[in-house]
Amino acid sequence: MPKFAMFFLATFVAWAAHAQDGQQRAAVAARTLVGSPAPAVILHTIDGKTIDLSKVIGKKAIYLKFWATWCVPCREQMPHLERVYEQAGDDLEVVAIDVGYDDSVARVRELQKQVGLRMPIVFDDGSLGTAFNVQVTPQHIVIGRDGRIQYVGHAANAQLDAALLAARRAPTAGAVAMTTFTDLPALAVGDAIPALPSPALASELPGKADAAGRPTVLFFLSPWCESYLAQKRDGSRPEVAAQCRSAREQVDALSRSRPDIHWVGVASRLWTSQQDLVDYRKQTHIAMPIVLDETGELFRRFRVVHEPTFVVTDAQGRIVRRIDRIDAQLGTQLVAPKAP
């Protein structure tokens, strides 16, 4: 087989595996979303406009596309998104929502200009990702005129097009169903970390798992940051990938040298499963426990929107310090000197 054909085949196989993986992750989100009333949220666009979903539902179907500028399949699907918007008419509201994770409005505007996006664009602060259980990028949400979520997916394919068509054609069936969305309150320095629904997280939280009464360092991370964001392609973030790698190496070394501190990694649920954490630990040989924030609650409560982020608590679980990003002084910022 010619070399170029082998390269093409390898590229296609990798793309197909990635697409299938994304569909599987979207299916996880769909289990809790499809058939349920959509949250009555108000969207704020980067151009200063507002879209109140409670006023749109009943009149139009709604298509929300969650994406990121660093996401390869998101960029690949932009022509499809623009085409859907152009053909929407008066029966479909189309909104592009950047997930806001390791991203910026400036990068969104740059991509908007580059590919000519004309639909409303929202930059999420994390609340919409929580409300719609975003597990992957892109993640498509189709809401019918009856206010119920009809479809959740990842690929821009015939299945998505069929869901959009069905949502547009279906009449409003009786009363419009929506749920009230209440955002999670933020945790800041001075607050005590509350009980959380995830058993895995609860087992590692300060004041609960550690009978020795040690202070705790929570290390917020994504296992894919070091590799995926380092790739040479449109939207890559090599500087962020380097920070993630440096943070992981420094924290791993600190956790081995300071057993008087309880070290816990907290992984984002975005593009991450329990198996991904197993693989990450094998690849990096990191010593500290890492738990998956399956509900997204801890990331949202701490308003974590980039990585690495660190939260330090005392032995009672009260937050004493927060550190965003890293530098050469990370060790002294995270831990106090050992007692003589």
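The S-S torsion of Cys225 and Cys244 comes out at about 75°, so this disulfide (a pair of cysteine sulfur atoms within 2.5 Å) is right-handed. Cys225 lies in helix 9 (residues 225–228) and Cys244 in helix 10 (residues 238–257), so the bond ties together parts that are 19 residues apart in sequence. Helices (H or I, at least four residues) and strands (E, at least two) are DSSP runs, numbered from the N terminus.

A quick word on the ground rules. This is a predicted model, where local features need pLDDT of at least 70 and side-chain atom pairs count only at pLDDT 80 or more, while totals for chains, interfaces and linings use all residues. Residues are numbered from 1 along each chain as its sequence is written, and side-chain values use heavy atoms, with hydrogens and water left out.

**Disulfides**

- In the Cys225–Cys244 pair, the sulfur atoms sit 2.0 Å apart.
- Cys225 is buried at 0% relative accessible area, and Cys244 also counts as buried, at 6%; buried means under 20% relative accessible area, exposed over 50%, and partly exposed in between (1.4 Å probe, protein chains only).
- The other pair is Cys71 and Cys74, with 2.4 Å between their sulfur atoms.
- The torsion about the S-S bond of Cys71 and Cys74 is about 80°, so that disulfide is right-handed.
- Both of its ends are tucked away: Cys71 is buried with a relative accessible area of 1%, and Cys74 is buried with 0%.

**Helix 10**

**Strand 10**

- For strand 10 (residues 216–221), 6 of the 6 residues are buried, so the strand is largely enclosed by the rest of the structure.
- Thr216, Leu218 and Phe220 point one way, while Val217, Phe219 and Leu221 point the other way.
- Strand 10 pairs in the parallel sense with strand 11 (residues 262–267) over 6 bridges; two strands pair if DSSP finds at least two bridges between them.
- Within that pairing, Leu218 has Val264 of strand 11 as its bridge partner.
- Strand 13 (residues 309–313) runs antiparallel to strand 10, joined to it by 5 bridges, and Phe220 stands opposite Thr309 there.

**Strand 4**

- Strand 4 (residues 61–67) is mostly covered, with 7 of its 7 residues buried.
- Ala61, Tyr63, Lys65 and Trp67 point one way, and Ile62, Leu64 and Phe66 the other.
- Strand 5 (residues 92–98) runs parallel to strand 4, with 7 bridges joining the two, and Lys65 has Ala96 as its bridge partner in strand 5.
- Strand 7 (residues 139–143) pairs with strand 4 in the antiparallel sense over 5 bridges, and Tyr63 stands opposite Val142 in strand 7.
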